[in-house]
Amino acid sequence: MTAMTRPATARRPPSGTGVGMGVQVPERAREPEWLNAARRQAVAWVDANGFPSTKHEDWRYTKLDSVLALPLAASSGRGAEDGPGSVSSSDLPTPQLGVPRIVVVNGGMVPELSTLGTSLPGGVRVESMAGAVRRPEGRFQQLWTRRLGGYPHALRALNDAEALDAVVIDLPARTVVEDPIEVVFVSMPTGDARWSHPRLIVVAGARASATLVETYLSVAGAPSVTNALTQVELGTEAELVHYVLQGERTDSFHFSSLEGHLAEGSRLSSRLLATGGRIGRHEVDVVLAGEGSQVDLDGLFLTGAGQHHDNPVLVEHAAPGCTSRQLYKGVVTSDGHGVFNGHLVVRPGADGTDAVQVNKNLLLSERAEVDTRPRLEINADDVACSHGAAVGRLDPEALFYLRSRGVPEREARAVLVSGFAHEILERFGSGPIRRHAEELAAAAGLIVLDEDHCSSGAVTAGTVHPGRGGRAQ
Amino acid sequence: MLLIDDLHASIGDSEILHGVSLEVPDGEIHAVMGPNGSGKSTLAHVLAGRDPYEVTGGRVIYDGVDLLAMAPEERAAAGVFLAFQQPVEIPGVPTMYFLRTALNAQRRARGEEELGPVEFLALVDTKRRLVDMERALLDRAVNDGFSGGERKRNEILQMLILEPRLAVLDETDSGLDIDALRVVADGVTTLRGPDRSALLITHHQRLLEHLVPDRVHVLAGGRIVRSGGPDLAVELEAHGYATLDSPAVEPRTASAGTASIGTISTGTISTGTISTGTISTGTISTGTISTGTAR
């Protein structure tokens, strides 16, 4: 299970958001022909369709110009074996949540930094593409190629074309993994090569259950571009609790997508905390394919100076009796820009759909901006769907209440902001995952409302003052 | 302790307090009573430093210093506490966290050591029993889903924990059942001492049956129109505010539904221009009252 590495390949700079982006087909001798064919197809898709511009409905608020101005070359995998300047264990979040922890640098799994352990229940496989691709049953091929040709946009295709490795987590039917499976993605540019295309594939058999934590970091050097794709396939009554902690550097670019396919009675809970990135875009794309399946999506984005956070969410109710919940909250300060672009689709025949979509945002400065678009598209009768969006400032009554009790204005504002964020953070449980999330939030300026009431009264929040500038549609 | 001298206060263009004067000496409990719209709540909010109220004249001296020059949090740290008539909900902020943040903020401001979690828990446990509050309630967000009575108990709990030198209770007794009323009265009595004072702002005499004040002041039309001993409250209860023999009380000419306001001090209201429930601009001959400013 050695990470496959390859030298960064020089490419022509992009010619604009049109055709002919100069993506070349990376032929890899060690890869099977079907994979090389799939990569060629993905590249052809990018060439034919180009990168999305703000004319695309789902990219209305996110401009890719600054990203595409960077060379398209992908950084090569560099782990512990590469010596000085490489990623070391001190760059990784502590404490380790449990076993296994998988460390992926520039899209390549680094065994030296990963601990797979022996404590996993029998049959559970965690491996890199090098291992998965050799398995005879063709499962990996099926997963990889499922969306071929049906890309929503070029970044998704680009991951297919360029992912130099993939982490594959295979949970056989009825296995229960108690410890969270932690995957840490590190982006570290090598020279002019800025991009990385991490890929994670999770397959859970019937009634399997697990917890998965994805952490995204960028270390040292020039701004990086992460273009990650996670595919989750849940079998009958399988259950996955999934967390994404996006804490990349604020000069980096982060794009990630979660594709979920849920069979009958299965359940996916996915929680996002986004604090990093000059652009941070986390896309969720879930199909409730089996009757009675359920998805809970929660997101908290803390968007500060110079940052842009985009949260496109597409939930498709394709079977009867499914439930979906979306609660996204944004805290936008300085000249930050937050976007919630939620799309809920109920397909014909998906009767008994129960769906709620909510987005709430707090604007803390005059220049802060939020665009929120909760959308429902209902093609079935007998459904219960609701949606709502709010953009507001801190409640002046609550602020005065705190001040009248002796809490200085700055601290009072920070407490109210934390109260607003608390509803999402408390869904990160009460263990080490919650603590990781709280540390990340604290680093972004949020004070943490300690449940033990043990936190000090210190305020770390930056300048916060009431503002306006929100747009709700 | 507290000297209010010819206090004038406005909200928007409307003057609500037209020169309030009263003095609360150390260790005394005073009641301010008055009809709806007399300016009682405005007085309470001005003392706590609430934003939209503008002081246009007079002064308030607390412990020898100019209270009006202080920010709300400075007043609190100096020992002034306002029990709200309508305590605010703060979603997401656990009550315990709120209490500890408030107490430690005040202690920091006074140069005192912050209270650690263990001491704090012990303190809260003692005080919450005095107001008959379940511990579980304190783990919930501040006033989030609390009943009216629970909110008022929460106000009194905060008062007992923060131990103010001057407690201002803004109609804390309104809407309370007899048990909760006793909690409020006991709370104030617990704090009572030669160095602490209280100002009870109330519409009814009910609270004063449990908590006998040293002085009673009657606020009407934005002025103190009478002051007296505890008997004055009894007299008011028997005869109502209407019998008050005072030139300061304005005739309430506005028809039902227009909200009773203490701000129409001169002039007449032109007929037919005020629709029920709303006050539109320019219809009152003395000036402009925009919707939402009247209470």
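**Entry 1. Salt bridges overall**

I began with a count over all chains of this predicted model, and the rule gave 44 salt bridges. I noted the general idea behind such pairs: side chains of opposite charge can pair when their charged atoms come close.

**Entry 2. A pair within chain A**

I looked up Asp285(A) and found that it forms a salt bridge with Arg156(A), with the closest N and O atoms 3.2 Å apart. I then asked where the two partners lie in chain A. Asp285(A) is in strand 13 (residues 279–288) and Arg156(A) is in helix 5 (residues 154–162). They are 129 residues apart, so I recorded the pair as a link between distant parts of the chain.

Is Asp285(A) buried or exposed? Asp285(A) has 11% relative accessibility, and it counts as buried because the cut-off for buried is under 20%. Arg156(A), at 3% relative accessibility, also counts as buried.

I next asked which residues are linked with this pair in a network of salt bridges. The network holds Arg156(A), Glu259(A), Arg281(A), Glu283(A), Asp285(A) and Asp310(A).

**Entry 3. A pair within one helix**

I turned to Glu438(A) and Arg434(A), whose side chains meet in a salt bridge at 2.7 Å, N to O. Both residues lie in helix 8 (residues 432–443) of chain A. They are 4 residues apart, about one turn of the helix. I checked the accessibility of each partner. Glu438(A) has a relative accessible area of 17% and is buried. Arg434(A) counts as buried at 6% relative accessibility.

I looked up Arg39(A), which lies in helix 1 (residues 33–49) of chain A. Its relative accessibility is 0%, so Arg39(A) counts as buried. What does the side chain of Arg39(A) reach? I found the backbone oxygen of Ala163(A) at 2.8 Å from this side chain.

**Entry 4. Chain B by itself**

I recorded the secondary structure of chain B as 9 helices and 12 strands. Chain B has 295 residues, and 53% of them count as buried. I also looked at contacts in chain B between residues at least 6 apart in sequence, and 65% of these join residues at least 24 apart. The accessible surface of chain B comes to about 12,500 Å². Carbon and sulfur atoms account for 48% of that surface.

**Entry 5. Where chain B meets chain A**

How many residues does each chain bring to the contact? I noted 38 residues from chain B and 27 residues from chain A. The size of an interface is often given as the accessible area lost when the parts come together. For chain B and chain A the buried area is about 2,500 Å², with 63% of it on carbon and sulfur atoms.

I then counted 11 residue pairs in polar contact between chain B and chain A, both residues being at pLDDT 80 or more. Which elements of chain B each supply at least two residues of the side that touches chain A? I listed helix 2 (72–77), strand 6 (80–83), strand 7 (90–94), helix 3 (95–109) and helix 6 (148–162). Helix 3 of chain B gives the largest share of that side, 9 residues. By class, the side of chain B that touches chain A has 23 nonpolar, 6 polar and 9 charged residues.

**Entry 6. Salt bridges across the interface**

I found 4 salt bridges across the interface of chain B and chain A. In one of them, Arg108(B) pairs with Glu411(A), and the closest N and O atoms are 2.8 Å apart.

Glu73(B) and Arg403(A) also meet through their side chains in a salt bridge, at 2.6 Å, N to O. Glu73(B) lies in helix 2 of chain B and Arg403(A) in helix 6 (residues 396–404) of chain A, so this pair joins two chains. Glu73(B) counts as buried at 13% relative accessibility. Arg403(A) counts as buried at 15% relative accessibility.

**Entry 7. Two positive phi values**

My last search concerned the backbone. Most residues other than glycine have a negative phi. I looked up two residues of chain A with a positive value. Phi of Arg207(A) is near 60°, and this residue is found in the loop between strand 7 (199–204) and strand 8 (209–218) of chain A. Phi of Ser334(A) is near 50°. I placed Ser334(A) in the loop between strand 16 (323–332) and strand 17 (337–346) of chain A.

Note on methods: Residues are numbered from 1 along each chain as its sequence is written. Chains are lettered from A and ligands numbered from 1 in the order in which they are written. This is a predicted model: local features need pLDDT of at least 70, side-chain atom pairs count only at pLDDT 80 or more; totals for chains, interfaces and linings use all residues. Side-chain values use heavy atoms; hydrogens and water are left out. Contact means heavy atoms within 4.5 Å. Buried area is the accessible area (1.4 Å probe) that two parts lose on being put together, summed over both. A polar contact is a pair of N or O atoms within 3.5 Å; within protein, one must be able to donate a hydrogen and the other to accept it, and residues adjacent in sequence count only if both atoms are side-chain atoms. Ala, Val, Leu, Ile, Met, Phe, Trp, Tyr, Cys and Pro count as nonpolar, Asp, Glu, Lys and Arg as charged, and the others, Gly among them, as polar. Buried means under 20% relative accessible area, exposed over 50%, partly exposed in between (1.4 Å probe, protein chains only). Accessible areas come from the Shrake-Rupley method with a 1.4 Å probe; for residues, only the protein chains shown count as cover.
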